[in-house]
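Morning, everyone. I will take a few minutes on one model, and please keep it open while I talk.

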Amino acid sequence: MIKFSLSLISFALFFFGIKSFFHEPKVQPVPPSELTITNFAGPDVTPSPACLAVAPTGEVYVGVDMIGSLGKEPGKGHILKLIDKDNDGKMDQHIDFAEVDNPRGIIVQGSQVFVLHTTFSKETKQATGMNLVVFEDKDGDGKADGPEKPLIEHISNAKYIRERGTDHATNGIRMGIDGWIYISVGDFGFHDAVDRSGKKLTMLGGGILRVRPDGTEMEVFTHGTRNVYDVAIDPYMNVFTRENTNDGGGWNVRFSHHIQSGEYGYPVLFQNFTDEIIPALADLGGGSGTGALFMDEPNWPEKYNHVPMMADWGRSMLYIHRVTADGPTFTQKDEEFIKLAQITDLDVDGSGRLYLSAWDGAGYSGSPDKGYIVRAVPNNWTYKAFPDVKELSIKKLAELLKSNSAVARLNASQELVSRNNKQAIEAALKTAADQSLALDVRIAGLYTYAQLTKENGIETLIGFTKDSALKEFALKALADRKTYIAKVPVEPFLEGLKDASPRVHAAAIIGLNRLGRPEVANALLQTKVPASFVAPAKGTEGPHATPNAAIILPHLAVRALVELNAVDALLAALKTENATLALWALRYMHDEKVVNGLIASYKQSTDEKLKQQILVTLGRLYKKEIAYDASWWWGTRPDSHGPYFKAVSWEGSPAIEKFLKEEAAKAGAQGKQFYVDLNSRQRMEIPEFTVEEKVAAVEEPKIDLEKIKNKKGQVGKSSIEDVLLAINKLQGDPLKGRNIFNNQGCIACHSLSKTEKMKGPFMGQIGSIMNREQIAESILKPSASISQGFATVMISAKGDRTYMGFITEETAAKVVLRNIAGEVFTIKTGDILSRKEMENSMMPEGLANSLSYEELASLVSFLSEQKK
């Protein structure tokens, strides 16, 4: 059960694009020596595999996607069921299970197959969005019995799918032991997604959504990520992701631990307001995270078990992230595990067989000749058939629930839930209560019991909060379902706030958030704010990818206080030692009562530090984010200044402006700088505080690209195949390569250091995401695969003006465009009449024509060493 969104992933991350001439549809010989890897299926059956999932009994479901990331024509995708009858690691039979476009995620659960995919209009042939659907195969013939049943509709932004393809859309899906389906939402976000109960949600940007298997109770789990393609979920319901790079805009591949209700900051908080977010656990440089799995199978070697396994399409690598507990979160160390050509997804069955899919250079729009599936098993692995859970007795299911296999526990749990009888409830309860069992087994029993009993199990779950081992999970289960949460008392959660365990404390805060009882605000306000709660200094980027366990509890408390709308308690707390936490929460509450209360508190206070923080909070409240209607926002490098993306004034703005002007007048010339800085940081745009910034002119290199490309050297006189073969044999001199980078015009559009002004595709880390062959090809054929975010754009504007180039900056008010000559133009959004993305790269072909093989090899070697 897994997925990825081939956004081809951020495709671009790859600052140039990738297609491979020489990959054979077979695994490269680079697995760990303890594993045996076999070719399971090739491109004749599984071309362009975007996602896969494995039934516990070993049948492999593959999402074939001949539309790819940027294609737009429907009718090219389907789900295949692959069967290995003799268990020798090779497919023996394949069945066309269902026809869907752009499959992006699959879960197999019993006779149900959940699929996330793009939808198209039959009349216009244009994309209409994405749906999470379920198919059923009750007769077991390997084919869906009938049409799909939608669970969530409109779960991605149709506007951007139509314009770009299913790129940065909604992606992987996976089920946790709690029975929820977790959905990876790319930074297209969505508007008015609707579940089966009619509930609607909108998300500006990316995050994780979750929903029950029947398509109800849809809710946001976390927010503020860039382009998450999949989630890895461990037996304790820790959720991990590996995101994508955004092409030199300060957001690399990031490994994150997702904590329910958390805000992760992209795009408006992750640079200048990092004190407010949950940071990632690591910044891993360039890449493109895709499929994910938490490996927890007993027949795998211990050193490769109990770990998140995360695929990276850009680096053609499956990584292991070794996580270590750190208070309520983790720290991590990543290591290379299995090399696979543009890996897209992975999943494991109940016998311990790991299956991986490889895009293998299938391009932006899929290929009938590229892509394959491999199987990996430990060398000492022997096949052991996984039972058909439908045929098992309650007693046998209870035994399976106690397995040390995560696959076994999940499937036993869901089958017990489907039985929904007294015997199933008793079996689950007995498992949860047995203190001799392993904790992950007891947790599986607890969540199974909670799903079976719903509100009838509340009292028993309260009893489990007295069990020190299960307390955290009992609190989570008590607050897990909002359909009956009104019947859950607050006392166990208030008790949890006093617990010595930070994980229990975190679960208690999240639970109080979900219970929605404003009377608990004062208890939440006791949460201590650490010294690390400091806004980044002016002109500096904050630590958005540095683990900070101390910030987790106050962050969660703030999210809860805002959700509870605890205005009175927060304003009252300004006179106490809890003022810092209160002000942190108040900055998100656009309520005139808040504005008036802050002004009154300012006038009454003699604490200068507190008064300054009140001014900062009022500055933040001066504007608010406009309601998102799906007609604006997305870009590969969106405006990341913050604190809002598209800000507007509101009813409280006049009172704030009047008060700030009065205080600025009292401060005089000497104190004006505070208000100037506040105006700039919070983007209030109050004219009296606005100082025009003088930007020093930068002398750009003048490069005659036409003259360069018209020269004919050894490269220009040879076929691309001959050039690539030669480059493979020549190492070149990186020092000479630097000079060639400057002289051949590369410097006109590419930066090498993050300290330089960002131009076109960032080259400072290209060596970490592309190999020598791919770098050479992208130079020789720049239009073959255009780097995401750097397609040539034609803009027509008022005044009969036309601009052509690539977008280097975009906000709600302006677009900044750079042309091939290095000229920069700022165009007001209101002046734009039309905007069209061109098919060809702005980088002209032929810039390497004048070079010898040795010189091109030197340039490639220089670029391959750029791994910052």
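Predicted model: local features only at pLDDT ≥ 70, side-chain atom pairs only at ≥ 80, totals over all residues.

Residues are numbered from 1 along each chain as its sequence is written, and side-chain values use heavy atoms, with hydrogens and water left out.

Tyr-803, at 11%, is buried. The structure holds 24 aromatic pairs. Rings of Phe, Tyr and Trp (its six-membered ring) pair if their centres lie within 6.5 Å; planes under 30 degrees apart are stacked, over 60 edge-to-face, the rest tilted. In Tyr-602 and Phe-659 the ring centres are 5.1 Å apart and the planes at 85°, so this pair is edge-to-face. Both Tyr-602 and Phe-659 are buried. Tyr-803 and Phe-825 make a tilted pair, 5.2 Å centre to centre with 55° between the planes.

What sits over the ring of Tyr-602? The charged end of Lys-611, 4.7 Å from the ring centre; the criterion is NZ of Lys or CZ of Arg within 6 Å of the centre and within 35 degrees of the ring normal.

Last, the sheet. Four strands form an open sheet in the order 11-12-15-16, with antiparallel pairing. Strands are DSSP runs (E, at least two residues), numbered from the N terminus, and two of them pair if DSSP finds at least two bridges between them.

Conventions:
Buried < 20%, exposed > 50% of the residue type's maximum accessible area, 1.4 Å probe, protein only.
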